[in-house]
Amino acid sequence: MQDYEKLGAFYLGKPYDLEAKRPVVDDLLLYDAKDLTTHAVCVGMTGSGKTGLCLALLEEAAIDGIPSICIDPKGDLGNLLLAFPELRPSDFKPWIDPSDAARAGMTADDYSAKMAKVWKDGLAAWGQPPERIARYRDAVDISIYTPASNAGLPLTVLRSFAPPSEATLNDSEAMRERVSASASGLLALLGVESDSLQSREHILLATILDRSWRDGKEVDLGQLIRLIQKPGFDKVGFMDLESFFPSKDRFAFAMTLNNLIASPSFQAWMEGESLDIQRLLYTPEGKPQLSIISIAHLSDSERMFFVTILLNEMVAWMRNQSGTSSLRALLYMDEVFGYFPPTANPPSKTPMLTLMKQARAFGLGVVLATQNPVDIDYKGLSNAGTWFLGRLQTERDKARVLDGLEGASAAAGANFDRAKMEKILSGLSNRVFLMNNVHEDGPVVFQTRWALSFLRGPINRDQIAQLMQEKKKALPAPSATLSTSIKDSAAGAHPVLPPGIHETFIVTRPLLGEAKLLYRPGLLGTARVRFLQTTAGIDETRDINVFLSAVGEVLPTIWDDALVSQDDELEQQADGDDQGGFATLPADLSRAKTYAELQSALRDHLFRTQKLQLWKCVELKEVSKAGESEGDFRARITHSVREGRDLQVEKLRAKYAPKLAGLQEQLRKAYQRVDKQKSQASQQTFSAAVNIGTSILGAVFGRKLASATNISKAATTIRSASRVAGERQDVAQAEETADAVQQRIDDLNGQFQNEANALIDGASADSVKLDEIVVTPKKTDITVVQLMLAWTPWSTDTSGTAQQAW
């Protein structure tokens, strides 16, 4: 027998003579590993030996140190762990089917011994000593992962919504494919029809992911729910967001996703190791891995979701690798039916096509198997360079496979003899396959070798748990897993709000030391109150802010503790700090109906508490302004009083000026009769009298009504007359006349003094009488403009003490 243990050569079996119906004893089928970089397709009906061939291929890759990721929808791939180097019956006993032993009329021990002998003889017949089993087990680390289940090693896909690599971001086609496939996969999990051109759910999700990733932001499911409601953009294409996808419908969509996440069954999706392709291919120590991802326990929608995410991650990993012509790793899917159809476009199809077209350049081989050859996209599979064709059930199956094979041959520029191929396919039996490899001269019929692993049939979840028992013991404690961190963050996550609830965030001041930021739910309302009193001529409007910094319970008297002001001192922002946690939102505040009730309660509160206090001066017909105190109002109207006083002064001048002028003229004429020779004395006498008589009036009238020259002359005559009073009778008479006129002037001065004092007293602000006016609003004149859920920032220390942080 040839030496088949060569690096890069996979021992798959022996050439098979269809006419003799037996393998060629002294020849081996060694498949060049590099040929797998152009991918392979394996088609065969149930019982054709397809599973045995594919497991043998994976065993050979493992022995050659090639890591593999295997998607297992049926549970057959768990058999890869049932490889027993010592081939003892006790190794087989836990894995035999008791019903098989019963049908064979044997005890479990006897049947185990029989299976051990069958496997030992089978391996020997194909030239494989038990040492080869040991070599296979030592070459790779084999693990079974079970997403959304802890039967095997749990695996979470939440990391898949992290931004893609820089290379993907800079490649518009790759970015578009990644975004579309991620959106489609999530919608498949939700059971929502996904059409990248017609589905508004798909378009919205794709837009959110695209914008977030280009901004370098990771999007977890909780954030995605909030972004569905508040995407951060108001247009989709040329349409506004509300017309394209109304907030009410977006909330229903968000709730669908929220309900999925909140369901107990989905919690398993949040547990386990993050989906990391490099980690699935190699252990932390660098040993190649054969990672089996069992999805048999998942529903159809969950399978589609996971497979789509996994394929996207494979594409992203592939694009980060350097180019090579050698086989670097394998991606194997045991049943591709439903994931790669010819006409439909499920979310898994786009990344699968990308891998089939581009993975070759990066050394990633894709092997797809199916027992349903009709409903697969042979056009897409034309990129496969190797076809393994086993026994098919119907002529329709053969025709469909031949069509696909013909297309693949044409794409590779190879000749294709359809009649010959049809004849060969008709003669295939169990474990006999036709291999058409575009890298070889022609097709080869061969019989598969004996598998190193015990092919006991599908492995169920209990058996997976048994196989992974030791590995699960080495997993980190639950408190250190991703699931715990997600649950912890979810407990303080930003709540999802229905349409009709508006929220705002009070701007946070810098925190000190190790303090953590906690947002508490509060309320912030704005209202407009009109104070109207027609009889008093009052029509005043007041804008009011009402603020509650923290709300623990919605009570009828909730607004009694609110801060009411006319100052807009609270600085706000649309979004909170990414590092902030959230206190529990009272259930009442998560319902839009509550805010309508709170608006009504706020209107009642303002009706009871809001008053407009004004002051009115009836005399001046003046009313104070809103917010103007009594003192300020008095100070303001003092000016009006002074203006009134000045007006009255002018009236006094107009009233007394003619009278004063007449008296002064009479006084002047009376003393003109005094002897001019004594004019000096008379003038002195007159001057003194005039000075006294005009002291008050002059202060008011100045020089406007009395001529200073005339008064001076008259005064001189009066003083002279007084000194010569005894000399002449006419001087005495003139003096008597002057005294009479002076008395009249004094009387006029007294009248003026009284009226002047009245003016002076009336010019004081304290003397003005003010009436208090209290105006209350009507309910119909109170409008609540807006009521928002206000997240207020609090600084919390290690002891849990919270302090205001705004």
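Gln289, Ser291 and Ile293 point one way from strand 11, Leu290, Ile292 and Ser294 point the other way, and all are buried. Buried means under 20% relative accessible area, with a 1.4 Å probe and protein chains only. Strands (E, at least two residues) and helices (H or I, at least four) are DSSP runs, numbered from the N terminus. Six of the six residues of strand 11 (residues 289-294) are buried, so this strand is largely enclosed by the rest of the structure.

This is a predicted model: local features need pLDDT of at least 70, side-chain atom pairs count only at pLDDT 80 or more, and totals for chains, interfaces and linings use all residues. Residues are numbered from 1 along each chain as its sequence is written, and side-chain values use heavy atoms, leaving out hydrogens and water.

Now the neighbours. Strand 5 (residues 68-72) runs parallel to strand 11, joined by five bridges. Two strands pair if DSSP finds at least two bridges between them. Isoleucine 71 has isoleucine 293 as its bridge partner in strand 11. Strand 6 (residues 141-145) also pairs with strand 11 in the parallel sense, over five bridges. There, aspartate 141 has glutamine 289 as its bridge partner.

Turn next to the cavity. A cavity is a set of points on a 1 Å grid over the protein atoms alone where a 1.4 Å probe fits but cannot get out; lining residues have an atom within 4 Å of a point. Helix 13 gives the most to the lining of the largest cavity: four residues. Among the lining residues are Asn312, Val315, Ala316 and Arg319.

How values were computed: 1 Å grid on protein atoms, 1.4 Å probe; cavity = no way out; pocket = protein on both sides within 12 Å on 5 of 7 lines; lining within 4 Å. Buried < 20%, exposed > 50% of the residue type's maximum accessible area, 1.4 Å probe, protein only.
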